[in-house]
Amino acid sequence: MSFPFPPDNHDDSTEVDRDSALSCDAVQTMLARVEVAKFVRRTAKATAADVGFGWIAIPDAPSTYQQLRGAYAASQATGQPLPISSLNNEDSVFLKPEDNIAFRFWHDVSHVRLGLSFALADELELATWHLAQAELAGFAPGSLGYRLLEADHVGQVLMQALGGRFPFNQEAFVLTYARHGVGLGLLAELRRIPGLNEDSTALVTTRPNEDGADR
């Protein structure tokens, strides 16, 4: 599946079940996610135009910095799409899988253009750079859209540093982090149990074997 630019049929709409009642917070969160997705689509398209190549989503995309640099150089030379990982793409802050793929393209291209490796310090620097670009695009620090992006970009780097893994469910992690802040958001993810509550946005802040855990 190749995306030299966001597909023509990839509009800015979002499907909402009109038969289900949404709280005010849920509506605000959905609107913020729509704005985040629009920002990512625009930025990925502008980046593709700037570097002269688009992207293709495949399962065996480059997984190391050296592989990414090689693939980037090949795309620069040939104009062929840059391979972007299609794995673990079902749950994210973005509304559609192709939005997440678009962000990964922008992210991977920025790794090479800024000379930032996959080391945690470099990942954190790149995450803060992404946030700076979002702020320039109109996302005010502290706004819900900014907090969602911060959770997705910075929060996942911090989770990797603290827990040695990515979130079990990126969407649940980002929404919990954005709603409750960095401390509780990270703690909730660290306490999640695979197969039991990885999809929940409720706080999970006690050890799995601790009595009276439903705090």
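The model is predicted, so local features need pLDDT of at least 70 and side-chain atom pairs count only at pLDDT 80 or more, while totals for chains, interfaces and linings use all residues. Residues are numbered from 1 along each chain as its sequence is written, and side-chain values use heavy atoms, with hydrogens and water left out.

**Stop 1: α1 and α5**

Select residues 24-51, helix α1, and residues 144-163, helix α5. Helices (H or I, at least four residues) and strands (E, at least two) are DSSP runs, numbered from the N terminus. The two axes come within 9 Å and cross at roughly 65°. Axes here are lines fitted to C-alpha atoms, for helices over the stretch in contact, and angles run from 0 to 180 degrees between N-to-C directions. α1 and α5 are therefore roughly perpendicular to each other. That label covers 65 to 115 degrees; angles under 35 count as roughly parallel, over 145 as roughly antiparallel, and the rest as oblique. The crossing of α1 past α5 is right-handed, meaning that the near helix is turned clockwise from the far one by less than a right angle.

Now show the side chains at the contact (heavy atoms within 4.5 Å). From α1, pick Gln28, Thr29, Ala32, Arg33, Val36 and Phe39; from α5, pick Leu144, Gly145, Leu148 and Leu149. Six of these residues are nonpolar, three polar and one charged. Ala, Val, Leu, Ile, Met, Phe, Trp, Tyr, Cys and Pro count as nonpolar, Asp, Glu, Lys and Arg as charged, and the others, Gly among them, as polar.

**Stop 2: glutamine 156**

Stay on α5 and select glutamine 156. Its relative accessible area is 9%, so glutamine 156 is buried. Buried means under 20% relative accessible area, exposed over 50%, and partly exposed in between (1.4 Å probe, protein chains only). The side chains of glutamine 156 and aspartate 152 make a polar contact of 3.0 Å. Such a contact is a pair of N or O atoms within 3.5 Å; within protein, one must be able to donate a hydrogen and the other to accept it, and residues adjacent in sequence count only if both atoms are side-chain atoms. Leaving aside residues up to four places away in sequence, glutamine 156 touches Ala151, Phe166, Pro167, Gln170 and Phe173.

**Stop 3: α6**

Move to residues 170-180, helix α6. Eight of its 11 residues are buried, so α6 is largely enclosed by the rest of the structure. Color the buried ones: Gln170, Ala172, Phe173, Val174, Leu175, Thr176, Tyr177 and Ala178. Their cover includes α1, α3 (97-114), α5 and α7 (182-190).

Look at the N-terminal end of α6. Asparagine 169 caps it, with a side-chain oxygen 3.0 Å from the backbone nitrogen of glutamate 171. After α6 comes glycine 181, with a positive phi near 95°. Glycine 181 sits in the loop between α6 and α7. It is partly exposed, at 25% relative accessible area.

**Stop 4: α2 and α3**

Select α2, residues 65-78, together with α3. They pack at about 90°, with axes 10 Å apart. That makes α2 roughly perpendicular to α3. Tyr65, Leu68, Arg69 and Tyr72 of α2 meet Asp108, Val109, His111, Val112 and Arg113 of α3. The contact residues divide into five nonpolar, one polar and three charged.

**Stop 5: asparagine 88**

Finish in the loop between β3 (82-85) and α3, at asparagine 88. Its phi is positive, near 50°, in a residue other than glycine. Asparagine 88 counts as exposed, at 59% relative accessibility.
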